[in-house]
Amino acid sequence: MQIGATLPATNLHFFQSKRASFKRNGSPLNPSVLNTQSVKTEMTRKHLSNLEKILQKQPQKTQSVDSNEAIQESRNGSKEQRRRNLLEGLNLARIWPEHKVAEEMSPRYLNRLQKMLSNNNIEYSPRNSLGSRWKEFHGSNDWLGLIDPLNENLRRELIRYGEFIQAAYHCFHSNPSTSQGEGLLGPRHVALPDKSYKVTKSLYATSSVGLPQWVDDIAPDLGWMTQRSSWIGYVAVCDDRSEIQRMGRRDIVIALRGTATCLEWGENFRDLLVQIPAETETDSADGQAKVECGFLSLFQTTGVNVPSLAESVVNEVQRLIEHYKGENLSITVTGHSLGAALALLVADEISTCAPDAPPVAVFSFGGPRVGNRSFADRLTSKNVKVLRIVNNQDLITRVPGMFVSESLDKKLRESGIASGVLNVLDKSMPWAYSHVGTELRVDTRMSPFLKPDADVACCHDLEAYLHLVDGYLASNCPFRANAKRSLAKLLNEQKSNIKRLYTSKAKGLSLNLEREHNFHTPSCLPSPSS
């Protein structure tokens, strides 16, 4: 052992190799010599093994003495890991929804939120060439196979048409009063989100009812709230060759805003169904088409210095069809709320305004019911394609009429049991309303940013609709993680309906952005979906 103590541990392999190669020839005259040598060899191996263990334990003891702190930290770390595993096993996100929101405020989510608030890091949705498939995206097959899951090109088109409506809102609120002087019919300046379009016509809607004069006397500065005729939208046409080539045709857009004045609200509540003139004998035989009284009033009433909405839009569409004769044309009518209702009346009117009228499609956001089943059948017979974007929590989409779901009504009619009774009610009841076209249903609760109990105004808000469409993947899928639309306008308009953690973080991020980039976050950032 004294010899072994002076040997370095690095030389142990020398002895092992010698022992492995050492052999002793036994004597036939004295066989015990071999046995004795075998015993000595085993003892040597044992002593060398013990020496190796001793030499290995000595540095380990020194290391353990010097690293008590590291061991203690490791134990604390293992305790923390066990505690973390226990919390994960409890699944607190299911017990407390707020815990799930807290998890979403990870650095990765904060970085994403900062990008969605900054106008220096805007991401753009695909701007693919539609080519010969443009008719599919315009509804030639009722958007079969494009909605669930939502086609990325259709998503972009929907958001783009929604932004045309936002431009109408912005234009109206920037100058809500309607001058009764000369130049009233000239097109207003509309800040279009898509620069490849140009505005060719301003549209006005006129109420058939008015308020007493004393209302204007009491509040003269709010005359625009009580004026009978109001700017409600515009007609625009694509005028860019590259965009025409991308879309596969020249597109004519008719964009209509929602309710904004007192008299428009008053017309909304005139919810009895009234007949509209039958265009063919077939219409009379199948049942008279009826629409809401207030919507029809705003559509057909002529103002003091302005023609009716129906007359204006028909004349302009006829002019554009004649001007671009020989080209591939499409007409897209888009509207929100009241504008969605008027969009159906506009589509019904212009679908037969010319001998070879181009295909007509309606993209409506948060639209109410407009007419009865005969009116819906009339639009279908005219080959008018309608895609309704509906928020599951939006009450406006369930009125006017009885609070009966469209799916239940469809099942009852298809069963044959109650179809006869329902058909009789359609013809006799003054509130027998029916929705039109294909439906794309979104849900406020699917958004990771909006509160699941958002109020009625938020569920009907157009920017909230565009936010939900941008995040929609399919009916059975969560909000898409790579949604690109800016959150700045949503935060500005619906702050009380956005989860508190996001509003507080967004406020801090916005302040940081202002310091770092020396700019103020505007109320409406350029759209990343255009």
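Me: What is the relative accessible area of Asp-142?

Reply: This is a predicted model, in which local features need pLDDT of at least 70 and side-chain atom pairs count only at pLDDT 80 or more, while totals for chains, interfaces and linings use all residues. Residues are numbered from 1 along each chain as its sequence is written, and side-chain values use heavy atoms, with hydrogens and water left out. A residue is called buried under 20% relative accessible area, exposed over 50% and partly exposed in between, with a 1.4 Å probe and protein chains only. Asp-142 counts as partly exposed, because its relative accessible area is 39%.

Me: Phi of Asp-142 is near what value?

Reply: Asp-142 has its place in the loop between α8 and α9, where helices (H or I, at least four residues) and strands (E, at least two) are DSSP runs numbered from the N terminus. Its phi is positive although the residue is not a glycine, and the value is near 55°.

Me: Is Trp-143 buried or exposed?

Reply: Trp-143 also has its place in the loop between α8 and α9, and its phi is near 60°, a positive value in a residue other than glycine. Because its relative accessibility is 2%, Trp-143 counts as buried.

Me: Which residue does a cis peptide bond join to Asp-148?

Reply: The bond has an omega of about 10°. The residue asked for has its place in the loop between α8 (134-137) and α9 (152-174). The partner of Asp-148 in this cis bond is Pro-149.

Me: Which residues does Lys-385 touch, not counting residues up to four places away in sequence?

Reply: Lys-385 has its place in strand β8, and at 15% relative accessibility it counts as buried. Contact means heavy atoms within 4.5 Å. By that rule, and leaving out residues up to four places away in sequence, Lys-385 touches His-138, Gly-139, Ser-140, Asp-142, Trp-143, Val-360, Ala-361 and Val-362.

Me: How many nonpolar, polar and charged residues does the contact of α16 with α17 have?

Reply: The axes of helix α16 (residues 309-323) and helix α17 (residues 338-350) come within 10 Å and cross at roughly 50°, where axes are lines fitted to C-alpha atoms, for helices over the stretch in contact, and angles run from 0 to 180 degrees between N-to-C directions. That makes α16 oblique to α17, since angles under 35 degrees count as roughly parallel, over 145 as roughly antiparallel, 65 to 115 as roughly perpendicular and the rest as oblique. The contact is made by Leu-309, Val-313, Val-314 and Val-317 of α16 and Leu-342, Val-346, Glu-349 and Ile-350 of α17. With Ala, Val, Leu, Ile, Met, Phe, Trp, Tyr, Cys and Pro as nonpolar, Asp, Glu, Lys and Arg as charged, and the others, Gly among them, as polar, the contact has seven nonpolar, no polar and one charged residues.

Me: Which residues make the contact of α17 and α18?

Reply: The axes of α17 and helix α18 (residues 373-381) come within 10 Å and cross at roughly 50°, and the two helices are therefore oblique to each other. The contact is made by Leu-344, Leu-345 and Asp-348 of α17 and, from α18, Phe-375, Arg-378 and Leu-379.

Me: Which residues in α18 are buried?

Reply: Just after this helix, Asn-383 takes a positive phi of about 65°. Within α18 itself, the buried residues are Ser-374, Phe-375, Ala-376, Arg-378 and Leu-379.

Me: How far apart in space are Ser-351 and Ala-361, C-alpha to C-alpha?

Reply: Ser-351 is found in the loop between α17 and β7 (360-365), and it is buried, with a relative accessible area of 13%. It touches Ala-357, Val-360, Lys-382 and Val-384, not counting residues up to four places away in sequence. Ser-351 and Ala-361 are 10 residues apart in sequence, and their C-alpha to C-alpha distance is 9.6 Å.

Me: What share of the 530 residues of the protein count as buried?

Reply: The secondary structure of the protein comes to 24 helices and nine strands. Of its 530 residues, the share that count as buried is 46%.
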